[in-house]
Amino acid sequence: MRVLGVNGWPGASHDGAACLVVDGEVVALVEEERFTRNKHAYGEAPLNAAAHCLAEGGFTLDDIDVVAHGWDLPKLFGDRGLNWFADDAAALEHLLPKALFPRSRDPRLTFVNHHIAHAASAYHLSGRDRGAILVLDGQGEDVSTTLAVGIDGEIKTLRSHTPGWSLGYFYAAVCEYAGLGADAAGKMMGLASYGTPQDLTFGGALDFTDEDFTVGVVPPDLRSTGSTDEETATIRHWLRHLEKALPDAPNRSVRRFDPRVGRYTKVTDRDPFEYRDIAATAQAALERAVMALVRGLLRESGETTLLVAGGVGFNATLNGKLMRMPEVQDLFVQPLAGDQGVSLGAAVWCAAQEGDRIRPMEGSVAWGPQWDADAIRRVLEASGTAYTEPADIAAATADFLAAGGVAGWFQGRAEGGPRALGHRSMVAVPNPEGTRDRVNVRIKDREAWRPFAPSMQEEAAEALIGTTTPLPYMIVTTPVTEAGAAVMPAVVHSDRTTRPQTVSAEVDPLYHRLIGEVGGHTGTPVVLNTSFNGRDEPVVCSPRDALATFHRLPMDALAIGPFLVRRPDGAVGEARA
């Protein structure tokens, strides 16, 4: 069966993406933002993403059996009294117009419940026959939390919470209060480790039991009118309460024109770092609520395997706590946990319903576009960029890194999701500690307290992070050993944890070899790995993206396919001066 999974809708969505699943195997997946360069692709249909997936499979829409959308949009619009289309043909034309997707017939259009799509992405791709499923995000059509169980290919919902009690919206409200912006959960997770938790109830707004939580400041039956979600209303309830409950006033922001960057930017009254205790309190409250949910879910389901998806699943600190719960014997967090992942979830759910056997994830989400050496060479030469072609790109790049340089690493197929995992990465030796500040402040132009993550050969994981459990997706934090803290201080966070990626020679031989070549210089096969992008930009996708970002940011080198580009008339490591 051929299924084109999609997320995104013209004018009313975020994280648009497309995924092609053929006979239960993921053939391609990519996010719309990678093409349009509009981070999160707000309001954009996945036109470029869908076109790429079809081209990757050698198909047109005539060859597709089902287009599966990761939201039940007819229900969403109908429940709120909003206009919907007269039939599926009109809806499909609005999503994938014939002017861009010529076809002689329409494939079947299926709208999958949002949380079922999230749950399917975790269950069907985990490789487990059974497990307890936890979905946490802002919200779906009418829920924000879903507890379910997957057994023998079927997903059964056990219970849920409504949008007003969304833990995602709670966390977003505190982000907004601290001046980080509501769409900055990753920033607040990093900031939290610098603070000290205070009142986890936030002045009585939250209440916790051993197996659940309640919210006292947002009506559980909250329903917005004229809108497809309750986000604005829920965050407004929280902000009103936080102003009364917290000792610090909200960190208000304005947009001002910044001549330095030539555009409007957000300016806050205070440094968000001053809100680190509030961030720590929100993180601790989130952890307490979710761990209670997990205890109840595992007891009710009788399972010891936990499968997690939904945007809250990107909280690596929380995931680390879940992994270390005594009740959890096996944890799988779907690495495309946000809404880009429901394109994948909708596709595999439909395929499984039709009897296809789903091939699980095997340590990589590199399902995006790729360019061969000839195509990359043409881009380099057309741009007038000087380059060399070393005999061994991994060894040549490692030489640069060992000399103190920071390099872009552009290899193979692009990854899906927000984490660069060795295909569209920026890499450096994670020692000395000052490397973190150089990459944060001078190269990526972001807050100095933002953490970085290490990519390590899986053979070195036990010595550095004290575990041999494969952690290929950089989505779980772990404590760091004494030896690890000594050799990779630039990726050890203030709470003595890190968010590791363990790299397998079987799954990613070239990246594994780069890390090994670095280890030949330093004695430890580990690199600092961050996404290859500038501030407020999507991760680079194409060779042109990579070159533009390299020339704009003060990096030392770019390894792009088999070619090496060096910073003109500058010494390695000059960017730190």
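A salt bridge here is a side-chain nitrogen of Lys or Arg within 4 Å of a carboxyl oxygen of Asp or Glu. K75 and D142 form one, with their closest N and O atoms 3.5 Å apart. K75 sits in helix α3 (residues 73-79) and D142 in the loop between β6 and β7 (145-151), so the pair ties together parts that are 67 residues apart in sequence. Helices (H or I, at least four residues) and strands (E, at least two) are DSSP runs, numbered from the N terminus.

The model is predicted: local features need pLDDT of at least 70, side-chain atom pairs count only at pLDDT 80 or more, and totals for chains, interfaces and linings use all residues. Residues are numbered from 1 along each chain as its sequence is written, and side-chain values use heavy atoms, with hydrogens and water left out.

Burial is set by relative accessible area: buried is under 20%, exposed is over 50%, and partly exposed is in between (1.4 Å probe, protein chains only). K75 is partly exposed at 31%. D142 is partly exposed at 25%.

By the salt-bridge rule the count comes to 34. R552 pairs with E537, the closest N and O atoms being 2.5 Å apart. R552 belongs to helix α18 (residues 543-552) and E537 to the loop between β21 (526-531) and α18, so this pair links parts 15 residues apart in sequence. E31 and R34 also meet in a salt bridge, at 3.3 Å from N to O. Both E31 and R34 are buried. E25, R359 and E362 are linked in a network of salt bridges.

Now turn to helix α6 (residues 167-177). Of its 11 residues, 10 are buried, so the helix is largely enclosed by the rest of the structure. Its buried residues include Y169, F170, Y171 and V174. They pack against several elements, among them β6 (130-136), α8 (231-245) and α9 (276-301). S166 caps the N-terminal end of α6, where a side-chain oxygen lies 3.2 Å from the backbone nitrogen of G168. Just after α6, G179 takes a positive phi of about 85°.

Strand β13 (residues 305-309) contains T305. T305 counts as buried, at 12% relative accessibility. Leaving out residues up to four places away in sequence, T305 touches R128, R130, G131, A132, L298 and D330. Contact means heavy atoms within 4.5 Å.

Last, the record. An unreviewed UniProt entry lists "domain: Carbamoyltransferase" at residues 13-72 and 107-348. Its annotation "domain: Carbamoyltransferase C-terminal" covers residues 398-567. Over residues 398-567 the chain is 29% helix and 21% strand.

Key:
UniProt positions renumbered as here; feature names shortened; annotations may be inferred. Polar contact = N/O pair within 3.5 Å; in protein donor to acceptor, adjacent residues only side chain to side chain.
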